[in-house]
Amino acid sequence: STIMVLNGPNLNLLGQREPDQYGHETLADVEVMCREEAVKHGYEIDFRQSNHEGVLIDAIHEAGQLIKAGKLLGVVFNPGAYTHTSIALHDAIKGADVPVVEVHISNVHAREAFRHHSYISPCAIGIVVGMGVQGYVLGMQGLLHKLAK
Ligand code: DQA
């Protein structure tokens with residue numbers, strides 16, 4: 001089976017973007033970390049990033065179909081700034097009935113007030129916040145712990 005790791009806007013800039021906040025590792029480094037973790041558990045990884053809300057919504061819908069077909073376990077999702085704005089992503093996760101672990105590299109609760117609210121958290125099975133890029137691996141472990149048989 002597969003785990004989808006989905007990344008939202010500006011995460012393609014990881015490593016160059018605000019390194020004090022997000023560290024020096026790139027998204028390609030994160031993909032390697034996730035793939036290594038997946039292999040340990042006998043899983044594959046479907047690693048994606050988009051700057052476009054609609055593409056992320058389509059990916060969640062696709063995840064719902066793959067789960068129904070028994071080909072996907074769930075999604076580890078860093079929605080970037082759409083976390084704080086997107087009712088459409090909230091509806092997509094609910095509508096497609098996809099188990100999502102929400103991941104934020106930075107501790108959003110220690111930052112600006114506009115980052116304290118998440119539209120994703122009410123439909124997430126779990127949340128990893130402020131653990132740096134290791135949060136993706138922790139998110140995968142949480143998904144496996146909750147859902148793998
Ligand atoms: C982020 C936190 C968001 O507030 C921000 O807009 C991001 C990255 C994180 O991983 O810490 O783009 O999701």
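Two strands pair if DSSP finds at least two bridges between them. Helices (H or I, at least four residues) and strands (E, at least two) are DSSP runs, numbered from the N terminus. Keep both ideas handy for this tour.

The model you have open is predicted: local features need pLDDT of at least 70, side-chain atom pairs count only at pLDDT 80 or more, and totals for chains, interfaces and linings use all residues. Residue numbers start from 1 along each chain as its sequence is written.

**Stop 1**

You'll find an open sheet of five, in the order 2-1-3-4-5, with parallel pairing. Strand 2 (44-49) and strand 5 (126-129) stand at the edges with a single partner strand each, so one side of each has no neighbour in the sheet. On average, neighbouring strands here are turned by 20° against each other, direction ignored. (For angles, axes are lines fitted to C-alpha atoms, for helices over the stretch in contact, and angles run from 0 to 180 degrees between N-to-C directions.) As background, strands of a sheet pair through backbone hydrogen bonds, either parallel or antiparallel.

**Stop 2: walk across the strands**

Start with strand 1 (2-7). Six bridges link strand 1 to strand 2 in the parallel sense; click Asn7 and look for its bridge partner Gln49 in strand 2. Strand 1 also pairs with strand 3 over six parallel bridges. Here Ile3 stands opposite Gly74, and Leu6 stands opposite Phe77.

Now move on to strand 3 (72-78). Strand 3 pairs with strand 4 in the parallel sense over three bridges, and Val76 has Val101 of strand 4 as its bridge partner. Finally, four bridges join strand 4 to strand 5, again running parallel; Val103 has Val128 as its partner.

How covered are strand 1 and strand 3? Five of the six residues of strand 1 are buried, and for strand 3 the count is seven of seven. A residue is buried if 20 or more other C-beta atoms lie within 10 Å of its own, exposed if 12 or fewer, and partly exposed in between, with C-beta atoms placed from the backbone.

**Stop 3: helices on the sheet**

Show helix 2 (residues 27-40), which lies across strand 1 and strand 2 and runs at about 160° to strand 2.

**Stop 4: helix 4**

Which residues of helix 4 (residues 87-96) are buried? They are Leu89, Ala92 and Ile93. Look down the axis of helix 4: the buried residues fall within an arc of 95° (taken from the directions from the axis to the C-beta atoms), so they line one face of the helix. Just after helix 4, Asp97 takes a positive phi of about 55°.

**Stop 5: Leu14**

Pick Leu14, in the loop between strand 1 and helix 1 (19-22). Leu14 counts as buried because it has 23 C-beta neighbours inside 10 Å. Leaving aside neighbours within four places in sequence, Leu14 is in contact (C-beta atoms, placed from the backbone, within 7 Å) with Tyr22, Glu25, Thr26, Leu27 and Val30.

**Last stop: the ligand**

Select the ligand and the residues around it, among them Asn10, Asn78, His104, Ser106 and Arg115. Being near here requires a C-beta atom, placed from the backbone, within 6 Å.

Note on methods. Contact = placed C-beta atoms within 7 Å.
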